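Hello,

Here is the structure you asked about. Please look at it first, and then read the notes that follow.

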Amino acid sequence: MHTALRLGLMFGLVAVLFACAGAPEIPSERAAALNLCKEAYNVYWGRDWDKVAELSTKAIKLDPAFAWPYSLRGMAYSHKEQYKLAVEDLSIAIDLRRGY
């Protein structure tokens, strides 16, 4: 059998197996925090730094082990020229990501 065809069949089989197994369930706190982060990310592009910080803070309260809201809030603080707060949040985000 041709190598490309064999690889294609193998990847197809793996995809079917993962589809049958279903996606891993996300804890409700992480899911809620993720939704807040998505909203904060969209607000970020509108440059409403206070709203980004507010949404990110809510996400952090729901799931303090989630790095993304710390990153978003840190960037918002940076744009607001609150550099000490920015460094603190971005450092936490980096530390949390090291665990992945």
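What covers the buried residues of helix 4? The cover includes three other helices: helix 2 (28-44), helix 3 (49-62) and helix 5 (83-97). Keep in mind throughout that this is a predicted model.

Helix 4

Helix 4 covers residues 67-79, which makes 13 residues. From its first C-alpha to its last it reaches 19 Å, close to the 18 Å expected at 1.5 Å a residue. The buried residues in helix 4 are A67, P69, Y70, L72, R73, G74, A76 and Y77.

The whole chain

The chain has 5 helices and 0 strands. Read from the N terminus, the order of elements is α-α-α-α-α. Of its 100 residues, 26% count as buried. The chain exposes about 7100 Å², and 63% of that area is supplied by carbon and sulfur atoms. Among contacts with a separation of 6 or more, 49% are between residues 24 or more positions apart.

The loops

Which residue just after helix 4 takes a positive phi? That residue is E81, with a phi of about 60°. As background, most residues other than glycine have a negative phi. E81 has its positive value although it is a residue other than glycine. E81 sits in the loop between helix 4 and helix 5. Its relative accessible area is 59%, so E81 counts as exposed, the cut-off being over 50%.

R47 also has a positive phi, of about 65°, and is not a glycine. R47 belongs to the loop between helix 2 and helix 3. Is R47 buried or exposed? R47 is exposed, because its relative accessibility is 62% and the cut-off is over 50%.

D63 lies in the loop between helix 3 and helix 4. The relative accessible area of D63 is 11%, so D63 counts as buried, which requires a value under 20%. Which residues does D63 touch, leaving out those up to four places away in sequence? They are E29, R30 and A33.

After that, turn to R47 in the loop between helix 2 and helix 3, and finish with D63 and its contacts to E29, R30 and A33.

Regards

Note on methods: Residues numbered from 1 in each chain as written. Predicted model: local features only at pLDDT ≥ 70, side-chain atom pairs only at ≥ 80, totals over all residues. Heavy atoms only, no water. Helix = DSSP H or I, 4+ residues; strand = E, 2+ residues; numbered from the N terminus. Expected span 1.5 Å × (residues − 1). Buried < 20%, exposed > 50% of the residue type's maximum accessible area, 1.4 Å probe, protein only. Contact = heavy atoms within 4.5 Å. Areas by Shrake-Rupley, 256 points an atom, 1.4 Å probe, with all protein chains shown as cover.
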